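Please work through each task before reading its solution.

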Amino acid sequence: MRLAIDTNVLISALLSDKALPAHLVAMWREGRFDVLTAAEQLDELKRVTRYPKIRARLTPALAGRLINELRDLAIIVTKLPDVAVCADPNDNYLLAMASAGAADFLVTGDKRHLLSLDAHEQTRIVTVQEFLATNRRLP
């Protein structure tokens, strides 16, 4: 199974190791599914983790570890197709990444722009809670 995980979920996982996003990342680290990423997402993670309000709650080492893990362990999707589906143009790369990487799920907390779509091509768009509830029996 392949997942595209929105940057907001990855940041949430770093901010609270007890929250559902942290559980999702732990499952990935255990090899229970594959995660897709792209240069655009790695750049976004680097940028967002430098915001003062995030940096006040997150050590650079912890953020760097996740970025390095994504770079080393995730499936890096290149040559993203042009996608102009989302009302927030900054989120279109996530849909492109999911499409190009044949993601089964795009996991996000973005109710307004992404979750409202329900799906994009073959990819279901779900919350962390929905993903965990429907995939409890992952190996």
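Helices (H or I, at least four residues) and strands (E, at least two) are DSSP runs, numbered from the N terminus. The model is predicted: local features need pLDDT of at least 70 and side-chain atom pairs count only at pLDDT 80 or more, while totals for chains, interfaces and linings use all residues. Residues are numbered from 1 along each chain as its sequence is written, and side-chain values use heavy atoms, with hydrogens and water left out.

**Exercise 1.** State in which loop Ala102 is found, and whether Ala102 counts as exposed, partly exposed or buried.

*Solution.* Ala102 is found in the loop between H6 and strand S4 (105-107). Its relative accessibility is 40%, so Ala102 counts as partly exposed. The phi of Ala102 is also positive, near 55 degrees, in a residue other than glycine.

**Exercise 2.** Locate Arg57 and find the separation of its C-alpha atom from that of Leu15.

*Solution.* Arg57 sits in the loop between helix H4 (52-55) and helix H5 (60-73). At 59% relative accessibility, Arg57 is exposed. Along the chain, Arg57 and Leu15 are 42 residues apart, yet 6.8 Å separates their C-alpha atoms.

**Exercise 3.** Describe the loop position of Arg50 and its accessibility.

*Solution.* The loop between helix H3 (39-48) and H4 contains Arg50. With a relative accessible area of 55%, Arg50 is exposed.

**Exercise 4.** Give the strand order of the open sheet and identify its edge strands.

*Solution.* Six strands form the open sheet in the order S3-S2-S1-S4-S6-S5, with mixed pairing. Its edge strands are S3 and strand S5 (119-120), each of which pairs on one side only. Two strands pair if DSSP finds at least two bridges between them. Strand S2 (residues 34-37) and S3 run parallel and are joined by two bridges. Within S3, Ile76 stands opposite Thr37.

Key
Buried means under 20% relative accessible area, exposed over 50%, partly exposed in between (1.4 Å probe, protein chains only).
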